[in-house]
Amino acid sequence: MTTIREPLSRPEPRNALQRLGRGFADFIAEVGFASTICFSAIGCFRYAFAPRARAEIVRQLHVCAVKSLPVVSVVAFFIGMILALQIGIELRTYNQEALTGSAVMASMLREMGPFMAGLVLAASVGAAMAAQIGTMAVNEEIAALEILDIDPVRFLVMPRMAALVVAVPMMSFYTCALGVLGGAVVSHTQLAVPWATYFQNAMDFAGEKALWVGLFKAFLFGFVIATVSCHRGFRTEHGAVGVGRATRESVVTNFLLILVVGYFVTRLFY
Amino acid sequence: MIRFEHVTKTFGNGKRVLDDVSFEIAKGEIFTIVGPSGTGKSVTLKHMIRLLTPTSGRVTVGGECVSEATGKALSRIRSRFGYLFQSGALLAWMDVADNVALPLREKTNLTEGEIARRVDAALDAVGLAGEGASMPSDLSGGMQKRAGLARAIVTEPEIVLYDEPTSGLDPVTSRRIDELVSDLSSRLGITSVVVTHDLHSALSISDRIAMLGGGKVLAIEPPASFIRSTIPQARAFLDAQYVTRRGAWEKTTEE
């Protein structure tokens, strides 16, 4: 599919109503373009096992998972610690601080794990994707690919999407595990909950459904981050200023969509 | 080979960049488009490969209408072209050899050995032998452009479009690029369309020169008659580069 948009020839809107209509029409067109990118990239998954595509997916996976590990680790550990502290202090007023592990586990598995992994990867990997593809767009590298008859969606979006739909669930699971561990440290040191009690209660609450729904959310976040970031990248124009704008818009849009998708998945399963 | 039929292009701000442009380029010809900045030279080039679509009129390549082509038809037409961008447009994360090899790896079934042989030959032709392992960011602007040229010709296309092939290059390298364009045309019968400000280059290599001004084709003439042009815009363009009616590089406008 072509990803290059020609400048449109159309008259300037003459009043607020026309501007509103133009804005709405442009919004619908962009949603349509982003959806086309998403479904075209999914259609290109059949090329994912070709040697060169496989190598690119592994390279992207390294960027998404391995290089994001330090920041995800810090975020996950501290989220677990904060949750344990806030919940534990409340539970202690009822002498129920031993249940801190259950609450931390449930929060991390159902919401915080996929949510925090999604946000961190959107802010780091997604922003980098938008900036890279945006720079390619303003340097005419995307046009060069099209002229060489190389589909930019297959060549650029598919490997990034494939990497993200694997990496976000992996990072989500890792965030949950490290968050529960962070909670354990706080529960033991601040709330005097024995390690064994904390982990026993946590594991009792580690429902299979919560785990799978959380991973499903993270899987969807992978599609969202790849689609939004690449879409904003392809739409970049006006040089360095445009690259900055595309990066900012990709982060903001990703954050909003992660919240919205997260809510509707929760609504669907609970 | 390439035919423009009453092509008009208007952009979003209402600016008419091309205004009823018609011309035809013959197979194997070196056709050069010159003119002041902002007169639609690159826009004309981009219409040939459907990076832009005419607001009205049509562009055909070998009888196929590129202005209306989509999908596989557009792929088939584009596979006949090589395109040199002003900036080179190399992929920043690949080294030069991988950039040049990209169309061969993606669009052919050649072995890696054959690809390496053709990449080396293309890099040698543009004077970049031994630079295959360099990253684009390690090259000067002129070298990036030459690497882009190697990528454009490595598939041995029927038509090569050159957008400012010699801008930013030193005179010796510029003449080398000129010789390469001439050589590709005479040896392989490649049709070349060159957009340039470099009149010395245009007069040296072209079969015909088109002068654009105000979105219109002001003149299409062979170099020998182009330098005698009496059209005011063409004369001003020639005089500004010290090209007299007798020939180039006599630094006088006196006749």
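I began with the secondary structure of chain A and found 9 helices and 0 strands. Helices here are DSSP runs of H or I with at least four residues, strands are runs of E with at least two, and both are numbered from the N terminus. I read the pattern along the sequence as α-α-α-α-α-α-α-α-α.

I noted that this is a predicted model, in which local features need pLDDT of at least 70, side-chain atom pairs count only at pLDDT 80 or more, and totals for chains, interfaces and linings use all residues. Residues are numbered from 1 along each chain as its sequence is written, while chains are lettered from A and ligands numbered from 1 in the order in which they are written.

Next I looked up the extent of chain A. Its C-alpha atoms fill a box of roughly 70 × 50 × 35 Å along the principal axes.

I then checked burial. A residue is buried if 20 or more other C-beta atoms lie within 10 Å of its own, exposed if 12 or fewer, and partly exposed in between, with C-beta atoms placed from the backbone. Of the 270 residues of chain A, 47% count as buried.

Last, I looked at backbone angles. A:Glu140 is not a glycine, yet it has a positive phi of about 65°. I located A:Glu140 in the loop between helix 4 (100-138) and helix 5 (141-147) of chain A. A:Glu140 counts as buried because it has 21 C-beta neighbours inside 10 Å.

A:Asp149, also a residue other than glycine, has a positive phi near 65°. I placed A:Asp149 in the loop between helix 5 and helix 6 (152-190) of chain A. A:Asp149 has 18 C-beta neighbours inside 10 Å, so it counts as partly exposed.
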